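Here is a short report on selected residues, salt bridges and a ligand site. Please read it alongside the sequence and the coordinates.

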Amino acid sequence: MKAEHYVGGGFRSDGPSFPLIAPVDGSELGTVPEATRDVVDDAVTAARTALRGPWGTTGAEERAAALRAVADGIEARFDEFVDAEVADTGRSREFARTVDVPRAVGNFRAYAELLYGRPERAYTTRVPGWSTGAGQALNYTVRRPLGVVAIISPWNLPLLLSTWKIAPALACGNTVVLKPSEETPSTATLLARVIDDAGLPDGVFNLVHGHGPAAAGEFLTAHPGVDAIAFTGESATGAAIMRNAADHVTPVSFELGGKNPALVFADADLDAAVDGTVRSSFTHSGQICLCTERVYVERPVFDEFVVRLGERAAALDGYGPMISADHRDKVLAYYRLAREEGATVVAGGGAPAFGDERDGGFHVEPTVLTGLPETARAVREEIFGPVCHVAPFDTEDEALALANDSPYGLASTLWTRDLSRAHRVAPRVETGIVWVNCWNLRDLRTPFGGVKASGIGREGGEYSLDFFSEPVNVCIQI
Ligand SMILES: NC(=O)c1ccc[n+]([C@@H]2O[C@H](COP(=O)([O-])OP(=O)(O)OC[C@H]3O[C@@H](n4cnc5c(N)ncnc54)[C@H](O)[C@@H]3O)[C@@H](O)[C@H]2O)c1
Ligand SMILES: O=C/C=C/C=C(\O)C(=O)O
C-alpha cells in the first residue's frame with residue numbers, strides 16, 4: 001500500500017517521506033509522504049475552491065447520493081481495506097472485518113439517510129415574553145455548511161474514526177482536509193481512491209499525511225483558511241490544537257482521552273461482568289478510547305472477580321501489538337511504575353516471548369493489577385494498553401466517588417441486576433457514555449463524546465449535523 005496525499009483531485013507524494021513500520025513484526029511496510037506547509041496550504045485552498053464550485057450548491061439528495069457512492073466503493077474494496085488496516089495496526093483480521101470496515105460503510109450510509117427528514121421548526125405564533133417588535137412574522141431555520149473542515153484522526157481506529165467525522169462533514173455540504181495519524185496512513189489513502197472513483201468534485205475531500213506538532217497536523221489546525229476542526233486524540237494534543245484554534249476562534253469538536261471506570265456490584269451476573277470486563281479491557285489490546293482501565297468491585301465479590309479476571313487475562317492469546325515501539329515502551333514503563341508504586345500483578349506485567357517473528361513486533365502482556373492507592377499514576381493516568389486496575393468498594397456512594405475521581409470522563413460500564421440501582425447510579429457517573437450490563441454497544445444516532453478532559457461536544461446522529469452545520473434563522477414579516 002503506497003500512502004499518498006490527495007489534493008484537489010490529484011494524488012501526490014512530493015516532499016520528504018518517512019518509513020511506515022508494521023507493529024506486528026517491526027518490518028518496513030513502505031514510505032509515507034510528509035506534507036509540507038505548502039502541501040497543506042494547497043489542500044486548504046483546494047477545499048475552499050470546491051466550496052465555491054458545484055459542491056457548494058448541491059442539495060441534500062445529491063450529497064446523500066455521493067455518500068452512498070462512497071459506501072458502495074468501500075464495500076467493493078472491502079478486503080483491500082481489511083488488509084491495509086491489519087497491516088498498519090497489527091490487529092486481527094476478525095476485528096477489521098467485523099468492526100473497522102463495516103463501521104466505515106455504516107458511517108457513510110447513516111449520514112446519507114440522516115440527511116432526509118431532518119425537521120427544522122418554523123414559528124409563526126406570537127408568544128408573550130418570547131416575541132418582541134410589532135407585527136406577525138414567520139421564522140424558519142435553514143442550515144449552512146461551516147466551510148473547510150480540518151479532520152485529525154488517531155491511529156487506534158484509523159478508518160472508523162476518520163469516516164465518523166468525514167461522513168457528517170460532507171453530508172452537511174462542507175469540504176474536508178483529513179490528516180490521519182502518521183502511524184496509520186494506508187486506509188486513508190485507499191479512502192481517497194474510493195472518493196476519487198466516486199466522482200466527488202475535486203477539492204471536496206483532501207488528504208495530507210504527516211506528523212502532528214510543528215508538522216502537517218499543526219500546519220492544518222493553525223491554518224487561517226480552516227473553518228472548523230474535528231479532532232480525535234490525546235487530551236494534551238487537544239489542548240495544543242485548541243491553542244492554535246484560538247487565534248482564529250475556530251470551532252472545535254474534540255474526542256479525547258479517557259481512564260474509563262467499571263462498577264461491578266455484588267448483585268451482578270458475575271459471568272457477564274467478567275466476560276464484559278475482559279472485552280472492555282483487552283479488545284484491540286486496550287487501544288480503544290472506550291476501554292476500561294479502572295475496575296471497582298463491591299467487596300463481597302471482589303476476591304472472586306479478581307481471580308477470574310486474572311485467569312482470563314493470563315489465558316488470552318492471539319492478541320495484537322501496540323501501535324509502535326514507543327507506545328509499547330510507554331505501556332511497559334507503566335507496568336514497571338505500577339510495581340514500584342506497590343501493585344500486586346495478578347496477571348501479565350511484561351512483554352511476551354512468542355519465539356516467532358512477533359518477537360520483532362511491539363506486543364505487551366494483558367495485565368491485571370490490584371492493591372494500588374487511587375493516587376497512583378497507573379490508576380490516574382491513561383495508559384492506553386491492555387491493562388486494568390481492580391479495587392474494592394463497600395457502598396454505592398463510594399463507588400461513584402471512586403469512578404468520578406478522575407480528570408477524564410469518557411465512558412463507563414455498570415454491572416448490576418438491580419434495575420432501580422442501574423437507573424439511580426448511571427446518571428451520576430461523570431462520563432459521556434454509561435453502558436449497563438454491556439460494553440461498546442453502539443447506536444450511531446446517540447450522543448457520543450466525553451466530559452472533562454475527555455472531550456468537547458458530542459457527535460453521532462443529529463449531534464454531528466449540529467456541529468458540522470450552522471443554523472440560520474430567517475424571519476419574514478407577515
Ligand atoms: N474520545 C475518543 O473518541 C477517542 C477515540 C480514539 C482515540 N482517542 C485518544 O487518542 C489517543 C491515542 O491516539 P493518538 O496517539 O493518535 O493521539 P495523538 O493525540 O498523539 O494524535 C492524534 C492525531 O493528532 C495529530 N497531532 C498530534 N499532535 C498534534 C498537534 N500539535 N497539532 C495537530 N495535530 C496533532 C497526530 O498526528 C494524529 O493524527 C488516546 O489518548 C485515546 O484515548 C480518543
Ligand atoms: O477509540 C475510540 C473509539 C471511538 C468509537 C467511536 O467514535 C464510535 O463507535 O463511533
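Buried means under 20% relative accessible area, exposed means over 50%, and partly exposed lies in between, with a 1.4 Å probe and protein chains only. This is a predicted model, in which local features need pLDDT of at least 70, side-chain atom pairs count only at pLDDT 80 or more, and totals for chains, interfaces and linings use all residues. Residues are numbered from 1 along each chain as its sequence is written, chains are lettered from A and ligands numbered from 1 in the order in which they are written, and side-chain values use heavy atoms, with hydrogens and water left out.

**Glu255**

UniProt lists Glu255 under "active site", in an unreviewed entry. Positions from that record follow the numbering used here, feature names are shortened, and annotations may be inferred rather than shown by experiment. Glu255 sits in strand β11 (residues 252-255). Helices (H or I, at least four residues) and strands (E, at least two) are DSSP runs, numbered from the N terminus. With a relative accessible area of 5%, Glu255 is buried. Beyond its neighbours within four places in sequence, Glu255 has contacts (heavy atoms within 4.5 Å) that include Lys165, Phe231, Thr232, Phe448 and Glu459.

**Asn260**

Strand β12 (residues 260-264) holds Asn260. Is Asn260 buried or exposed? Asn260 is buried, at 2% relative accessibility. Its side chain reaches two backbone oxygens: that of Leu290 at 3.3 Å and that of Cys291 at 2.8 Å. Such polar contacts are pairs of N or O atoms within 3.5 Å; within protein, one must be able to donate a hydrogen and the other to accept it, and residues adjacent in sequence count only if both atoms are side-chain atoms. Leaving out residues up to four places away in sequence, Asn260 also touches others, among them Cys289, Thr292, Arg294 and Leu410.

**Salt bridges**

A salt bridge is a side-chain nitrogen of Lys or Arg within 4 Å of a carboxyl oxygen of Asp or Glu. The count comes to 30 salt bridges. The table gives some examples.

| Glu4 | Arg193 | 2.4 Å |

Glu4 and Arg193 meet in a salt bridge. Glu4 lies in the segment before β1 (5-7) and Arg193 in helix α6 (residues 186-198), so this pair ties together parts 189 residues apart in sequence. Glu4 is buried at 13% relative accessibility, while Arg193 is partly exposed at 23%.

Arg68 belongs to helix α2 (residues 60-76) and Glu113 to helix α4 (residues 93-114), so the pair ties together parts 45 residues apart in sequence. Arg68 is partly exposed at 27% relative accessibility, and Glu113 is partly exposed at 44%.

**Ligand 2**

Which residues surround ligand 2? They are Arg103, Asn156, Leu157, Leu160, Leu161, Trp164, Ile288, Cys289, Arg442 and Phe448; each has a heavy atom within 4 Å of the molecule. Oxygen atoms of ligand 2 lie 2.7 Å from a polar side-chain atom of Asn156, 2.8 Å from a backbone N or O atom of Cys289 and 2.8 Å from a side-chain N or O atom of Arg442. Taken alone, ligand 2 exposes 310 Å², and the protein buries 97% of that. Accessible areas come from the Shrake-Rupley method with a 1.4 Å probe; for residues, only the protein chains shown count as cover.
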